[in-house]
Amino acid sequence: MKARIVTANRLSDGAVVYLDAAGDWVDSIVEAGVAEDGETAEALLAVATTAEQALRVVGPYLTDVAVEDGRPRPLGTREIIRAAGPTVAGAAIREGDERDDAKEASAA
Amino acid sequence: MPLIKDDRFAKDGWIALDDDDALPAGAPVIVTLERWRAERARLVGRNAPLGLRLRSDQAPAEIAGDLPHFALIALEFPKFTDGRAYSYARLLRERYGFAGELRAVGAVLRDQYGFMRRCGFDAFEVTTELDLDAWRAALGEVSVAYQPAADRRPWIAALRHGRPAQRVARPTVPVHARRHDEDEEDLPSRRVTADTLCEAYAAGAEEPVAALWAY
Amino acid sequence: MYRYDEYDSTLVAERARQFRGQVARRLSGELTEEQFRPLRLMNGLYLQLHAYMLRIAIPYGTLSSRQLRKLAEIARRYDKGYGHFTTRQNLQFNWPRLADVPAILDELATVQMHAIQTSGNCIRNVTADQFAGAAADEVEDPRVYSEIIRQWSTLHPEFSFLPRKFKIAVTGAESDRAAVQVHDIGLRLRRNGDGEVGFEVLVGGGLGRTPVIGKTIREFLPKPHLLSYLEAILRTYNMLGRRDNLFKARIKILVNATGVDKFRDLVEEEWSHIRDGALTLPEAEIARIRAHFAPPPYEELTGDPPEHAAARRRDPDFALWARTNVVAHKRPGYAIATISLKPTGGVPGDVTAEQMEAVAALADRYSFGEIRVTHEQNLVLAHVRQADLHALWQALRQQGLATGNAGLISDIICCPGLDYCNLANARSIPVAQRISQRFADLERQHDIGALKIKISGCINACGHHHVGHIGILGVDKHGEEFYQVTLGGSADDSAAIGKIVGPAFSAGDIVAAVETIVETYLAQRRAGETFNATLARVGLAPFKEKLYAAD
């Protein structure tokens, strides 16, 4: 079977997150913990699906990955887009800097 | 299962029977529609109150003519997303004039409490012990009714154009025993807000919800 | 436009406070996600591919400049500086944080806006015609009734857990610009034989998995009965709509399964019990709401002022824009201007915060402070003096909002698709961008003439592809994006569902396929024939032949 990782959306902002080997949630797919067999995959998912985790993430699930140089790569258009963000540049995909600036300004 | 009735915890005096349970003598029982149909004469002949439980695919029209036999009707919400019982409740209250206990069973959650009340439910089987204050607060969370419903609160058009309040019972009559065909008087309408409801509780009102209904 | 009274303001503030409590209970774990999900959906908050998405209601597509400025402020402060206008006249923000949403709702409440019931299995935004109150062919302003229905449907205790979502549209003109025939309930204002104004009631229209044109169940409904009749329809649907299968739960399935005549009987029987009851609409309430939609203080002007004609002569770019983006107004000397949100290669319907502010300022200056959102993801200034059109256009140009393509092939309707949406099977926006770039030449666009391309990234059809002249549906074939093409759809008076032309095209081939379709149309058409008329005459065969010639 293919290698698999666990991914979900972060509760606080809906961002795509991945479960790493230590059981923490990370932003980048390359840091995700990879399960090579079914048992490990189920164990990984179980870590992600506790009531405590429900306060951090929404809807964790297993997804297939390709592994290159020991690092997981997303498979399928959907997971590629989840990992990379929208593929369209358009009316501003600014990486949140405007929002953070505005928040800083209002906090000052 | 904990029961909320008239906005407080109440002891449930009713026994819900499976179709093959024996009928306990003299005790108030709730039976399914199937059992009602199968054992009608026997159930009617008992000297004890009778309740009926309807599934969400069993509309009240099926038993509209039998209502005088029931002191309680329980309507099921198999999932809280299955909203059929909201319509059934309104029909029972407003179309068929059912004045007995109307109980919500199944997936009954605090966030639907206000909707259920407005549709005419006055008793709720809840799945866990919970914060009753939170439930009461849920009632007052949205005080404006944009549309008329079973609770007869003046709806927005009535409030705006000073239509006389619909005929309602006096506030001293317990909610579950009110009948719509009794002699009733018009009462001046008054806005219910979270504050007025809290006032009513603070003042120790016995049936603050009756105050809510008294429009 | 409608202004809240104390009841409306109280409701919106209370609902925002209620949602704040629900968010807190989710964050504390008191509510599970399963319990929280329908609650956040009833407040328009989706969890999408990368982030939450908040859908803000713009009732019947009408906005004040003050409201648009507030949306710009929210875009800057809580989002990434832009918003997206949808095919149901709403606005979507793509990046709000969950904990910020209560604050966003509070901000919206200060300008009489909300996100109530923009999602969930309840009655959604009641849409209307974007030219309401300005178009010459209007029987009555439909927004009066959209507002009445909006209020009745808000937090309706009986209809908050319907089998599925419920969409209502109202049109007030002889020409239907609100697509009433593809809504769950469509209402057409019309006069009866006695000159009385009432509603034709259609039910069971819709797009999505099984597109259907709505059927008339009542030819004429007098106004006082509007809400009681709708209540009868909704109650019938709530009780009888399917609960076992999400994909068969819309009212269109019920009407089809029951048969329209039997369905009508069921509704009329229910209605017979409640008509003339508490829901009878008092004339005083209709009048009160109608007063909010009173015409703006127009000046007395002569039609077609010489300055306007001179500007068109002098400035051919302006003249070209005016050809497509300006439509006649019922008052002499005024015009209806469409602001295209479809710049060449742009994301259809997206607007930056700066652009929002610019449009708000232009609305203040040129259109009595009012803006409209169309079903086709453009904006409208409905009451512009013809003499001001040139100045308006120049100002729009500075903001990249002066693309003169309203109704032309590059005026593409497009859902967010797999770039944003959890439900999508394929991306839609890049396809729209590439088609827009391929047909960038405005002269070529004019030569082609009116042509509506509508693109959806999945079968849910938020891009309304079924009713595009050319409809494009993104599908997933073995993990790759493919695009199925339909032809001959239409959302106007001669509403029709497009027909599939043949096997789907790859992402690499779809733009060329669209070009082939256009070329075939141009080759086949007779003088002045629209795309659909040509298609009706020659059939699909010539298109199939050219598209699949190599196979």
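Start with chain C: buried residues make up 59% of its 551 residues. The model is predicted, so treat each stop below as a description of that prediction.

**Chain C as a whole**

Select chain C and show its C-alpha atoms. Along the principal axes they fill a box of roughly 60 × 60 × 55 Å. Switch to a cartoon, and chain C shows 18 helices and 21 strands. Among the contacts in chain C with a separation of 6 or more, 67% join residues 24 or more positions apart.

**Helix α1 of chain C**

Next, select residues 6-27 of chain C, which form helix α1. This helix has 22 residues, and the distance from its first C-alpha to its last is 32 Å, close to the 32 Å expected at 1.5 Å a residue.

Which residues of α1(C) are buried? Colour C:Leu11, C:Val12, C:Arg15, C:Ala16, C:Gln18, C:Phe19, C:Gln22, C:Val23 and C:Arg26 to see them. Now look down the axis of α1(C): the buried residues fall within an arc of 165°, so they line one face of the helix. An α-helix has 3.6 residues a turn, so residues three or four places apart point the same way.

Then move to C:Gly29, which follows α1(C) and has a positive phi, near 90°.

**The largest nonpolar core**

What has the most contacts inside the largest nonpolar core? Select B:Ile73, B:Ala89, C:Ala337 and C:Val359, the residues with the most contacts inside this core of 237 residues. Helix α6 (residues 226-240) of chain C provides the largest share of the core, eight residues.

Centre on C:Val359. Leaving aside neighbours within four places in sequence, C:Val359 is in contact with C:Leu68, C:Ile339, C:Ile371 and C:Leu379. In soluble globular proteins, nonpolar side chains tend to be buried together.

**Where chain B meets chain C**

Finally, show chains B and C together. Here 28 residues of chain B are in contact with 32 residues of chain C. On the chain B side, select α3 (84-95), α4 (113-119) and α6 (156-161), each of which supplies at least two residues that touch chain C. Colour this side of chain B by class to find 13 nonpolar, seven polar and eight charged residues.

Key: Residues are numbered from 1 along each chain as its sequence is written. Chains are lettered from A and ligands numbered from 1 in the order in which they are written. This is a predicted model: local features need pLDDT of at least 70, side-chain atom pairs count only at pLDDT 80 or more; totals for chains, interfaces and linings use all residues. A nonpolar core is a set of buried Ala, Val, Leu, Ile, Met, Phe, Trp, Tyr and Cys residues joined through C-beta atoms within 7 Å. A residue is buried if 20 or more other C-beta atoms lie within 10 Å of its own, exposed if 12 or fewer, and partly exposed in between; C-beta atoms are placed from the backbone. Helices (H or I, at least four residues) and strands (E, at least two) are DSSP runs, numbered from the N terminus. Two residues are in contact if their C-beta atoms, placed from the backbone, lie within 7 Å. Ala, Val, Leu, Ile, Met, Phe, Trp, Tyr, Cys and Pro count as nonpolar, Asp, Glu, Lys and Arg as charged, and the others, Gly among them, as polar. The expected span of a helix is 1.5 Å times one less than its number of residues. The arc is that of the directions from the helix axis to the C-beta atoms.
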